[in-house]
Amino acid sequence: MPQNPLAAQDLPAKTAARLISVDPEDPRALALMASLNEALTQISGDSGRSSFDPAQVRQPGAAFVLALADDGEPLGCAALRPLAAADASADGGAEGIVELKRMFARPGTAGVGGALLRHMEALASRLGHRELWLETRRINLRAVAFYRRHGFAEIANFGSYAQRADAICLGKALPRAASEMEIEQLTTIDDATRAALSDLLIDSVAHGASIGFMHPLADAEADRYWQGVAASLGSQHQLWLLREGQALLGTVQLDRCGKPNGRHRGEIQKLFVHSRARGRGLASLLMAEAERFAAAQGISLLVLDTESGSKAEQVYRHLGWQHAGNIPDFARSPHGTLHPTALYFKLLRAPCP
């Protein structure tokens with residue numbers, strides 16, 4: 001009997017310890033999807049590969065998520081794809097509707113399918129979607145039963161599935177997520193927060209943030225970095241986190257110059273926001289908090305560097321930072337390309353004479 005990709009939660013074995021967002025072409029994601037393709041081919045004769053476009057889960061409101069065991073082993077995956085107007089069959093079009101794609105839990109795991117589905121529902125709600133839709137094949141009885149058990153009901157076939165008698169489409173209304181945006185300054189970093197910060201750093205590097213690391217960034221390297229940050233926190237070095245509910249969406253650091261002739265200045269470091277939350281002004285909120293704190297501490301000059309021509313540079317210009325110049329071939333992008341770095345500064349108040 002062929003294995004069903006959603007039946008793994010019924011088997012006693014490894015469980016999901018962490019759920020992280022990654023690029024759909026992350027090697028771990030590709031390996032899981034290859035297993036999914038094989039399982040679906042056994043069940044229905046169609047791997048589903050042709051109906052998945054990685055670019056569609058890199059856009060705003062989309063996501064690709066991995067479920068990892070406590071030892072880092074990839075156990076499952078799932079994706080969210082916002083529907084285009086042409087895909088929707090409901091009144092009101094596709095606005096606020098997202099499709100669940102590439103849902104898979106490795107055979108021999110326990111509870112991974114359910115954990116992934118709950119996470120994807122909560123994530124879709126936080127991203128502002130009002131309904132979650134999906135398609136599977138009618139012959140995939142275990143998958144259909146799994147989704148019905150989790151509150152999904154049959155809907156009219158949509159998009160490319162509209163004329164397929166062998167397809168069944170299911171949907172579920174999502175609860176509205178309360179927007180609880182909070183910026184917190186940390187003086188210590190506990191284990192859970194360090195793990196969340198590592199996930200955030202890995203996501204940002206995978207999506208092109210030039211912040212000193214190369215892609216792919218290993219979990220251990222990310223963890224070591226945050227251990228170093230934790231050891232540096234104090235009067236000379238500050239760290240802020242931005243959360244929405246329980247989700248960690250962004251961070252920024254401020255490093256005050258320790259030299260006797262430079263204690264009036266500080267450097268903004270490691271500003272980055274999760275890929276799924278970009279375009280919402282969160283970087284501006286973090287910068288405003290860091291600048292407010294710096295001014296209150298008597299810092300009159302802030303400096304930073306960023307990849308020339310990047311979206312981050314646009315943010316700094318928008319926030320009133322002044323361009324001091326570029327250094328050619330200063331650093332490599334996360335994917336290996338040399339690029340110039342732009343230097344910026346901002347006067348918070350008139351310097352003392």
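**Entry 1: cavities**

How many cavities of 30 Å³ or more does the structure hold? I looked and found two. This is a predicted model, in which local features need pLDDT of at least 70 and side-chain atom pairs count only at pLDDT 80 or more, while totals for chains, interfaces and linings use all residues. Residues are numbered from 1 along each chain as its sequence is written, and side-chain values use heavy atoms, with hydrogens and water left out.

I noted the terms. On a 1 Å grid over the protein atoms alone, a cavity is a set of points where a 1.4 Å probe fits but cannot get out. A pocket is an open set with protein on both sides within 12 Å along at least five of seven lines. Lining residues have an atom within 4 Å of a point. Points are joined across faces, edges and corners, and a volume is the space filled by probe spheres set on them.

The largest cavity holds about 90 Å³. I counted 13 lining residues, with Val-57, Ala-62, Ala-63, His-207 and Ser-275 nearest the centre. The lining has six nonpolar, five polar and two charged residues.

The second largest cavity has about 30 Å³. Its lining includes Arg-126, Glu-244, Arg-276 and Arg-280. By class, I got three nonpolar, no polar and four charged.

**Entry 2: the largest pocket**

I then turned to the largest pocket, with about 1100 Å³ of space. It is lined by 35 residues, and Ala-209, Leu-271, Phe-272, Lys-311 and Ala-312 are the closest to its centre. Which element gives the largest share of this lining? It is β11, with seven residues. The classes are 15 nonpolar, twelve polar and eight charged.

**Entry 3: nonpolar cores**

A nonpolar core is a set of buried Ala, Val, Leu, Ile, Met, Phe, Trp, Tyr and Cys residues joined through side-chain atoms within 4.5 Å. Buried means under 20% relative accessible area (1.4 Å probe, protein chains only).

The largest core has 28 residues, and Leu-80, Leu-100, Met-103 and Tyr-147 touch the most other members. Elements that give two or more residues to this core include β3 (74-82), β4 (97-105) and α2 (112-126). The largest share, six residues, comes from α2.

I checked Leu-80 for contacts (heavy atoms within 4.5 Å), leaving aside neighbours within four places in sequence. Among them are Val-57, Ala-62, Ala-63, Leu-100 and Leu-127.

Key: Nonpolar A, V, L, I, M, F, W, Y, C, P; charged D, E, K, R; others polar. Helix = DSSP H or I, 4+ residues; strand = E, 2+ residues; numbered from the N terminus. Buried < 20%, exposed > 50% of the residue type's maximum accessible area, 1.4 Å probe, protein only.
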